[in-house]
Amino acid sequence: SVDAICDVPANRFRVDDTDDPRMRRGGFVDNVAGFDAEFFSISPREAESMDPQHRLLLECVWEAFEDAGHPRQKWQGTNTGVFVGTDTSNYWERRHRSDPNVYGVMGGGARSSMAGRVSYVFDLNGPALSIDSACASSLSAVHLASRSLRDGECTAAIAAGVHLILGPWESRAFSDAGMLSPDNRCKFG
């Protein structure tokens, strides 16, 4: 087992801006901006405007195909559904309000287009649905994928979830409400 809790990386937000010690540590994905756009046939300009959640989703779906021992080509043109649980998008707030462009506004920053992007990149022809039901988004994606398979809407399904918190806003709100764990570990109670 690996403990992924660490100090807040300097490129996320300034911890000096808070007096709550519960906001000084958390679980973070390294290099959320890193992405092999050429591998996915995405232009550098579009990749720069893409929400890192889109990037992580594409990489994880690719890894899922590899881990399952099925090459990407096996799924191309199939009736495979894509169901993605998601929540907020801090990236759009940080980037596109100051530098709006067609790539960010039309798809790279929209949570609604995450499932569609996966379907498009991997040439999947089943239903594509991005689901935002807050903390239950990933569970809802699994539920809807299962139902779609059971009802015959698709012959295979990808159920995924992605949620990156890139700034302090949500944590600050949870802190003000007294909802953060004193030891920086998520718990159900």
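Reply: Arginine 25 is partly exposed, because its relative accessibility is 34%. The scale is simple: buried means under 20% relative accessible area, exposed means over 50%, and partly exposed lies in between, with a 1.4 Å probe and protein chains only.

A word on the source. The model is predicted, so local features need pLDDT of at least 70 and side-chain atom pairs count only at pLDDT 80 or more, while totals for chains, interfaces and linings use all residues. Residues are numbered from 1 along each chain as its sequence is written, and side-chain values use heavy atoms, leaving out hydrogens and water.

Back to the pair. Arginine 25 forms a salt bridge with aspartate 7, and their closest N and O atoms are 2.8 Å apart. The pair ties together parts 18 residues apart in sequence, because aspartate 7 sits in strand β1 (residues 5-7) and arginine 25 in strand β2 (residues 25-27). Helices (H or I, at least four residues) and strands (E, at least two) are DSSP runs, numbered from the N terminus.

How many salt bridges does the whole structure hold? The search finds three. A salt bridge here is a side-chain nitrogen of Lys or Arg within 4 Å of a carboxyl oxygen of Asp or Glu.

Another one joins aspartate 20 to arginine 22, with 2.8 Å between the closest N and O atoms. Is aspartate 20 buried or exposed? Aspartate 20 counts as buried, at 8% relative accessibility. Arginine 22 is partly exposed, at 23%.

There is also a bridge from arginine 117 to glutamate 46, where the closest N and O atoms are 3.2 Å apart. Arginine 117 belongs to helix α6 and glutamate 46 to helix α1 (residues 44-49), so this pair ties together parts 71 residues apart in sequence. Arginine 117 counts as buried, at 12% relative accessibility. Glutamate 46 is partly exposed, at 21%.

Helix α6 leads on to the core. A nonpolar core is a set of buried Ala, Val, Leu, Ile, Met, Phe, Trp, Tyr and Cys residues joined through side-chain atoms within 4.5 Å. The largest one has 28 residues, and Phe35, Phe40, Ile42, Leu58, Val118 and Phe122 touch the most other members. Two or more residues come from each of α2 (52-67), β3 (80-86), α6 (114-122) and β5 (156-162). The largest share, six residues, is from α2. Apart from this core lies another, of five residues, including Val8, Phe13, Met23 and Phe28.

Now the sheet. It is open, has three strands in the order β4-β3-β5, and pairs in parallel. β4 (128-131) and β5 are edge strands with a single partner each, so one side of each has no neighbour in the sheet. From one strand to the next the twist averages 15 degrees. Two strands pair if DSSP finds at least two bridges between them. β3 and β4 share four bridges, and valine 82 stands opposite alanine 128 in β4.

Helices pack on this sheet. α2 touches β3 and β5, and its direction makes about 140 degrees with that of β5. Helix α7 (residues 137-150) touches β3, β4 and β5, at about 160 degrees to the direction of β3. Contact means heavy atoms within 4.5 Å. Axes are lines fitted to C-alpha atoms, for helices over the stretch in contact, and angles run from 0 to 180 degrees between N-to-C directions.
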